[in-house]
Amino acid sequence: MYYRIPEINYIYAMSLDEALELVEKLDDYRLLAGGTDLIIDMKIGRAKPKNVVDISRISDLKFIKDEGNYVRIGSLVTLQELVESPIIRGKAPVLSMAANEMASWQIRNMATVGGNLCNASPAADSAPPLMVLNAKLVLASKKGEREIPITQFFKGPRKTELRKDELLKEIVIPYEEGSGQYYIKLGRRNAFTLSVVSVAALVKVDDNRFSDVRIALNSVAPTPVRSRSVEGALKNKEVTYEAIKKASKEVLKDISPISDVRASAEYRREMSVALTKDALIGALKQLGIEVRGE
Amino acid sequence: MSSSEDPYALMEKWLKAKEFLVVGKGVRRADALEKAMGQARFVEDFYMPGHMLFIKQVLSTEPHARILGIDASKALEVPSVEGVFTAKDIPGENQVGYALPDQPLIAEGKVRFAGELVALVAAKDFDKAIEAAEKVKIMYDPLPYVLDPLEAMERKDILVHGEVGSNIAFRTKVRKGDIEEGFSKSDVIVENEYRTHHQDHVYLETEGALALPELGDRLTVISAGQYPHLVRAIVARVVGLPESNIKVIIPYMGGGFGGKDDEGPLVAAKAALIAKLTGKPSFLMYTRDESMLMHPKREATIIKYKSGASRDGKLQAIEVKIIHDTGAYSNRGPFILWRATVHASGPYRVPHAKVDGYCIYTNKVYQGSYRGFGNPSVQFAAEAQMDSLARKLGIDPVELRLKNLLRPGDLTITGQQLNESVGVADAVAKLAKVSEWSSKIKAYSSSNGRYRRGIGIGVAWHGISTSRGVPDWSNALVKIEKDGSVSVHTGIVEMGQGSPVSSHRQIASEILGAPLDVVTVDFGTTDAPDTGATHASRGTSIGAIGVYVAAAKLRERLNKLASELLGTSPDEIEIKDGKAYLRSNPEKYISWKELIKEAYSRGVEMSATGYFFLPKGKFNDEAGQGYAYPAFSYVAMVAEVEVDTYTGKVRVLRIWPALAAGRIINPTQVEGQVEGAAVQGMGYVLMEQFVFDNKGRILNPNLTDYVVPTALDAPEIMRPVYVEDIFKYGPFGAKGVGEMALIPAPAAIANAVSNALGVQVTKLPLTPENVYFLIKEKMGKKA
Amino acid sequence: MKIPIHFILNGEEVSVEVEPNELLLNLLREKLGLTGPKYVCGIGECGACTVLLDGEPVLSCLTLAVDVDGHEVTTIEGLAKDNELTAVQKAFIEEAAVQCGYCTPGFIIMIDKLLKENPNPTEEEIREYIRGNLCRCTGYVNIVKAALKAAEELRKNTSLIKIKK
């Protein structure tokens, strides 16, 4: 089977500095990390870059560091490295759970977390967990670095906050001690499929009341979204099934799903509510709190 | 031909065999080694870039339009482009319809669906061919189009084929008894409308062909296909050469499932056309999206079904209307509809039946052959009706089926009496036992809560061979070489099913008494006599009779020769373990190799063909009665499911299959067929579907959005129950298996979901979304 | 613009010139004559083009040929050493896990790798690991059986070696 990949000018960078120099200089370029999105986009004609800057060999961007209160993840860490990392499993379990459900083993060996974020698909599966973790993204350019909350990163389908001369350097995750975290993905089959809806939840409970609640979803809006409405509805509320059930419906205020080949908008709305509830119950369970109803 | 070589007599003789050397054993396939080493060659593996032309297709983007012009000027400017070829370049006939002459190879004058072939571009480099194809400009004058088959049936102003005067491409009917009388005798009547959808074969290997021109206007075509002689006939027609000038080789194929029976000859004809026009080796390989946009799909259907039964659970009457959305071309649609029509009752005794079938043109991708051939959809409807009746009658679904299942001597709805090989009732009874049906159905019927379990059964039948009096035959050439090795040449192809590489070897070895490892099968070639197609589950049944008969002829000769050499009568000769010996005195023997040597030195011909013509009756199309098939294979399946009522997600937990398919020649290969078909059927029911836009274009022609089951979706599949209901016109009594397990899968899984939810499913697929809304609509929202 | 690359392919050094937009799969199949890895979906959905890159399974249809420069690639053709089949290849043959054979190289590469990492996988772990490989013929039943059988064989052999020591 044969696809035509347009002729490209292939350049590789061996260091972050080299990469930054290239992206400042070049106009029409795309970065190649794992290739699992870019190569497909070039095959189907969604991307026709003149230049491809291969950053996959930059070893300074391949790290997962535990710094106590923070976990730092280099943007070229592969999804499989996320899955296998005891640091992630211990300190950001919701990210570990999400990565575990992503793609196939082969793709996880290639695809990078930075690539998953920068591709800015509304269905990016690493986004909801990072959003509930209040992750920050470090964007680097020749001019310097800036750190933004991940919630400000996505600007629309395949659009990000990145300037032309910038690239995603690392992801900083604050360690949320005492939180319960959970991730649920609903697809059209059991595995290795794009999300119809995915929900990540993070909760903290103090004296049987929600002291912190964070919910994020993908595939139900032009970008992955946090559901501030659900969060607001539960904050400081007593942990009960009824409260969770009622608050889950608030998710509808924060999402704007469309109908596409994967599902209808209506189904996505209904599933956002159902899975938000499930994710909250799942997150509480991680704290040893059993909530039952119906 | 000596009388001792009469094929019918030979079949009768070997059908009596009671003890077997290799038949009935799980003999390993001869191709497994090279496939496990990655050495097996498929069409694409013969491509040598730079040394042959690469062909790229230009497809219609319009559902219905007049072609005003084709501007190839920009495409021809691309370096290394050899040419842009359209309908007008075809030297032979631009006509490839199988059932009706309604289909061009390349669109001529107008296009009838988005995805139809309009032009072929050939270039030395593959990326140049693709680039040039993108630069071919087609000027269209859009015509009004029709996508919905019910609407198409009524409309006279929008015609997919103007010359037909209607969008009804073909009609079929069955009439038996008087349904008014039948319904008046019925204590319960159920009436439902069923809908089923398209399915893509998703054979891992897409369609491809390599055409090699040779001197003297000869062509060799290495191609996908399920019937080399049909591939050759279509190629000959399109390029305008005699069939004898064309040689077709069908190498290992990465799956067929019926799709390559339809599309194989077309891909071959396209490559052959370019080779003929340019005089250069020409290669065409569909991309996945081309394959999914172009090749025919499992028919989408609307089935209106009314059934009546008396209080004692006896079926009295059925009235069925079957509508097939055949798409832009009829292709094999009339045959598919015919099969659906005569199978509409399911394998049951029904005294009064009225069945009408309609094959409807629409401006969408056309329908075609797919494992089950019109039968999975109609068996789904028939079996959902049985469950609805069972519920109304308060009779257990299995019990209701057992009261009505066909038994030897019964008449089908076409009035054909089935005197032999009807093992279905036995199979269903055994299946109910192994699946612990009774206890489960009781337990699950009252299940509630979020996750609900259900169990369902589907029972089906499938006529053997082509329908009605349509001629069907088998053949093969079997040669015993001088060194004692055996070559079998057959037109049956190897597409994964394994008949040439396993059962054909077993049959030849069994009959000749030759060791299994000396038998080699040359398959999928027009060098073999016309064997018929590898479709309709006939690879190891009718398709293998040629091997069976040819080997039997040689065995007669060997027995005669050995008896002369050993001074006894031919009946006294046993051949096995590498020697021919006296049954009464095994010490008196001649080795296999010596025996063959003697044959060559004494003028005994060691090659034979195995022509066999299947005797058939007649069907009266006017009366809707008569002979439908020489026999039926039967299959039943029990499925156990769990439904998440909050999300609508269905998991198939376990599947129990049962077969009454005659002799099981190779249980290992049969299990492989059953397991694969069950999962393919499950994928069809739970997740596979095309999404069309408002112009009838497929929006998901890729494996990202047309999802098929992974290892994590596949259920546990139990060992099949076999009832070996021997059929006289099959090798050792085999009836055929390949399609079987798919046929009842929609029925079994849908009935299990119905059982779990307490709602009769009437529409496929059962995607989480569809199931969720079914629950919501019928049961009120729970979440 | 041709780019020269050097890499180890099935244990042997290879030097070849590639185009920047050339895919590893095309390089293997068309220039180097290794047709075991197959093109099926073209977009990373099927696993039929799986090869090992520095011992890790990757999809050769989504890998640029230039990116294997300096690395080690193993295809299905490189598994059997000195014509001795691997335990996984043997088990595929014995357990009838091969039907049409188009997906087979991808599955064998994957399961071979799995058993190196996890010599005693459960059925669930096997299914989890091969979730990115599609098969349309077998229903996965015999593929899973073959993986279990190969694992058992390998464990037996390893324990024999241990006893010898």
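In this predicted model, buried residues account for 61% of the 165 residues of chain C. The chain contains five helices and five strands, arranged along the sequence as β-β-α-β-β-β-α-α-α-α. Along the principal axes, the C-alpha atoms of chain C fill a box of roughly 55 × 40 × 25 Å. Of the contacts in chain C with a separation of 6 or more, 61% join residues 24 or more positions apart.

Chain C also touches chain B, with 41 residues from chain C and 43 residues from chain B taking part. On the side of chain C, the elements that give two or more residues are helix H2 (87-94), helix H3 (104-117), helix H4 (123-129) and helix H5 (141-164). By class, this side of chain C comprises 23 nonpolar, eleven polar and seven charged residues.

Chain A is divided into three parts, listed below.

| Domain of chain A | Residues |
|---|---|
| domain 1 | 9-54 |
| domain 2 | 60-174 |
| domain 3 | 180-286 |

In chain A, 21 residues of domain 2 are in contact with 23 residues of domain 3. Helix H5 (93-101), helix H8 (127-132) and strand S8 (154-156) of chain A each give two or more residues to the domain 2 side. That side of domain 2 has 16 nonpolar, three polar and two charged residues. The C-alpha centres of domain 2 and domain 3 of chain A lie 20 Å apart.

Terms used: Residues are numbered from 1 along each chain as its sequence is written. Chains are lettered from A and ligands numbered from 1 in the order in which they are written. This is a predicted model: local features need pLDDT of at least 70, side-chain atom pairs count only at pLDDT 80 or more; totals for chains, interfaces and linings use all residues. Two residues are in contact if their C-beta atoms, placed from the backbone, lie within 7 Å. Helices (H or I, at least four residues) and strands (E, at least two) are DSSP runs, numbered from the N terminus. Ala, Val, Leu, Ile, Met, Phe, Trp, Tyr, Cys and Pro count as nonpolar, Asp, Glu, Lys and Arg as charged, and the others, Gly among them, as polar. Domain bounds come from an automatic or database domain assignment. A residue is buried if 20 or more other C-beta atoms lie within 10 Å of its own, exposed if 12 or fewer, and partly exposed in between; C-beta atoms are placed from the backbone.
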